[in-house]
Amino acid sequence: MKIAGLPEVYLGTKKNTMAIKTIIEPFRIKMVEPIRMSSEEERIEYLEMAHYNPFLLKSENVIIDLLTDSGTSAMSAKQWGGVMEGDESYAGSRSWMKMEDEIREQTGCEFILPTHQGRAGERILYGHLGGPGKVFISNTHFDTTRANIEFSGSTAFDIPIDEGKKPSVEHPFKGNMDVDKLEELITQHKPLNIGAVILTVTNNSGGGQPVSMANARDVAEICKKYEILFVLDSCRIAENAYFIKHREEGFENHTYKDIAKEMYRLTDGAVMSLKKDGLVNMGGFIALKDPELAEACKNLLIITEGFATYGGLSGRDMEAIAQGLKEVFRPDYLKYRIKSTGFLGDNLHKMGVPIMRPTGGHAVYIDAKAFYSHLPVNQYPGQALVLDLYRKGGIRAVEIGSVMFGKYDENGNLIPSPMELVRLAMPRRVYTQSHVEYILEVFQELINEKDKTKGVKIVKEPKFLRHFTSHFEIIE
Ligand SMILES: *Cc1c(COP(=O)(O)O)cnc(C)c1O
């Protein structure tokens with residue numbers, strides 16, 4: 001089937017003047033994981049068995065899994081080779097030294113602490129800096145970041161720029177922090193009470209919208225002026241560097257790694273989940289410049305994560321991390337990565353599917369309220385779209401709307417989330433162009449049958465984080 005609006009070539013850029021514009025996946029596939037195909041009839045049954053909640057589906061019954069980009073990357077032959085060479089010594093492992101060297105070189109921080117994933121680092125650092133009465137300020141706190149801060153008794157404020165809150169507005173750096181609000185909040189709460197200012201790059205909510213170097217510089221300057229700790233949440237720093245090189249003046253001739261280094265240089269440290277731009281399935285780190293803060297974190301690390309030279313990771317994990325952190329900055333990889341997410345987003349946009357604009361680095365967000373405009377928010381249009389994507393194409397996505405964030409008033413009526421979104425998150429190096437074309441075809445089918453889609457209701461829900469385990473029914 002030919003899809004209306006699809007370009008003749010894959011991912012061509014305007015600047016490219018060569019005759020061949022197709023950007024190919026910059027890898028050959030040497031080991032394959034078969035996808036089990038299923039029919040629509042089978043999937044209707046699987047959905048019923050999963051109580052219409054995609055989190056309750058078996059992954060083997062999913063054809064294309066876009067639930068998350070976290071920990072779902074494919075590793076390279078060199079990373080797998082490293083797995084065999086992992087040094088599993090309890091202390092002073094060779095694999096740890098490779099990982100530490102790479103992170104130290106990139107972050108410019110002297111003190112590097114390994115953790116088993118991002119949130120373990122967050123709990124240690126923000127648990128130590130936080131506590132009742134403390135305030136944290138970010139462009140947007142990722143949900144585990146917010147949870148760890150609030151769990152310590154502190155308050156977390158999100159201050160993205162106004163453009164970042166409007167789905168259809170085009171802006172090159174929608175992930176930026178509102179620096180006027182930052183100064184206001186600091187003076188209002190007093191510098192002494194600010195636990196840290198956290199810049200999340202790219203900004204996860206909204207599909208990985210980038211933060212400019214100019215914005216990072218402004219934030220750094222304000223933090224310096226008030227003597228406040230400035231921390232980078234650097235989960236997707238390589239993807240962010242791609243956007244800076246191609247969108248911000250003065251960085252055209254910098255390497256991606258140098259751009260990342262420059263951003264780290266502005267900060268007092270970083271926390272990273274390596275399940276994103278580490279190109280591995282598990283891992284994280286804390287990087288710090290201040291020896292006293294590093295010492296305090298190291299002591300906490302040893303209590304709950306493990307000794308300071310492995311922090312909950314095995315030697316083979318650390319080998320794969322050291323290599324993944326190098327590969328993620330390769331120009332061919334980053335170009336393929338950002339362009340392939342853009343290929344999905346831009347084509348959905350051309351087909352008339354309402355999405356958050358412009359496409360970010362790791363995911364495409366669909367505005368389900370606009371797509372299924374015949375469904376009221378208390379019939380969960382986002383969940384209806386997630387179910388349609390699975391039924392029609394075996395594609396697993398996640399609702400980020402009133403199922404995830406909705407609350408009830410005292411009469412039991414839904415207080416909806418401001419937006420009803422569906423996220424298609426792209427695993428790294430896992431799917432190819434034809435997988436993406438298949439997703440576009442499935443959307444074309446959904447567009448054709450749009451008005452037939454029925455709403456859903458929640459028939460069973462837990463008290464917290466209801467999206468993971470709730471049961472749903474279709475409203476007939
Ligand atoms: C994933 C993520 C985290 C948490 O990392 P985990 O490895 O899932 O614990 C923190 N911040 C951002 C921006 C993330 O995307």
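Visitor: What makes β11 and strand β14 count as a pair, and in which sense do they run?

Guide: This is a predicted model, and in it β11 and β14, the latter spanning residues 421–425, are joined by three bridges in the antiparallel sense. Two strands pair when there are at least two bridges between them, and with three bridges β11 and β14 therefore count as a pair. One of the residues involved is Glu-399, whose bridge partner in β14 is Val-422.

Visitor: How many bridges join β9 to β14?

Guide: Five bridges join β9 to β14, and these strands run antiparallel. Val-364, for instance, has Leu-424 as its bridge partner in β14. In general, strands of a sheet pair through backbone hydrogen bonds, either parallel or antiparallel.

Visitor: What is the order of the strands in the open sheet, and which strands stand at its edges?

Guide: The sheet has three strands in the order β9-β14-β11, with antiparallel pairing. The edges are formed by β9 (363–367) and β11 (398–400), and each has a single partner strand, so one side of each is left without a neighbour in the sheet. From one strand to the next, the twist averages 30°.

Visitor: Which helices pack on the sheet, and which strands do they touch?

Guide: Helix α12, residues 331–350, touches β9 and β14, and its direction makes about 20° with that of β9. Helix α14, residues 381–393, touches β9, β11 and β14, and its direction makes about 40° with that of β14.

Visitor: Why is β9 called mostly covered?

Guide: Five of the five residues of β9 are buried, and buried means a relative accessible area under 20%. Ala-363, Tyr-365 and Asp-367 point one way from the strand, while Val-364 and Ile-366 point the other way, and all are buried. In general, the side chains of a regular strand alternate between the two faces of the sheet.

Visitor: Why is the contact between Arg-316 and Glu-88 called a salt bridge?

Guide: Their side chains meet at 3.4 Å, N to O, and the limit for a salt bridge is 4 Å, so the pair qualifies. Arg-316 lies in helix α11 (residues 315–327) and Glu-88 in the loop between α2 (77–85) and α3 (94–107), so the pair ties together parts that are 228 residues apart in sequence. Arg-316 is partly exposed at 41% relative accessible area, and Glu-88 is partly exposed at 42%. The structure holds 29 salt bridges.

Visitor: How do you know whether Glu-102 is buried or exposed, and with which residue does it form a salt bridge at 3.0 Å?

Guide: The relative accessible area of Glu-102 is 5%, and because the cut-off for buried is under 20%, Glu-102 is called buried. Glu-102 forms a salt bridge with Lys-257, the closest N and O atoms being 3.0 Å apart. Glu-102 lies in helix α3 and Lys-257 in helix α9 (residues 256–265), so the pair ties together parts that are 155 residues apart in sequence. Glu-102 also meets the side chain of Lys-326 in a salt bridge at 3.4 Å, N to O. That pair links helix α11, which holds Lys-326, to helix α3, which holds Glu-102, across 224 residues.

Visitor: What makes Tyr-242 and Phe-243 an edge-to-face pair?

Guide: Their planes lie at 90° and their centres are 6.1 Å apart; since the cut-off for edge-to-face is over 60 degrees, the pair is given that name. Tyr-242 counts as buried at 6% relative accessibility, and Phe-243 is buried at 3%.

Visitor: Where does the charged end of Lys-450 sit?

Guide: The charged end of Lys-450 sits over the ring of Phe-371, 5.1 Å from its centre.

Terms used: Residues numbered from 1 in each chain as written. Predicted model: local features only at pLDDT ≥ 70, side-chain atom pairs only at ≥ 80, totals over all residues. Heavy atoms only, no water. Helix = DSSP H or I, 4+ residues; strand = E, 2+ residues; numbered from the N terminus. Axes fitted to C-alpha atoms, helices over the stretch in contact; angles between N-to-C directions. Contact = heavy atoms within 4.5 Å. Buried < 20%, exposed > 50% of the residue type's maximum accessible area, 1.4 Å probe, protein only. Phe/Tyr/Trp six-rings, centres within 6.5 Å; stacked < 30°, edge-to-face > 60°. Lys NZ or Arg CZ within 6 Å of the ring centre and 35° of its normal.
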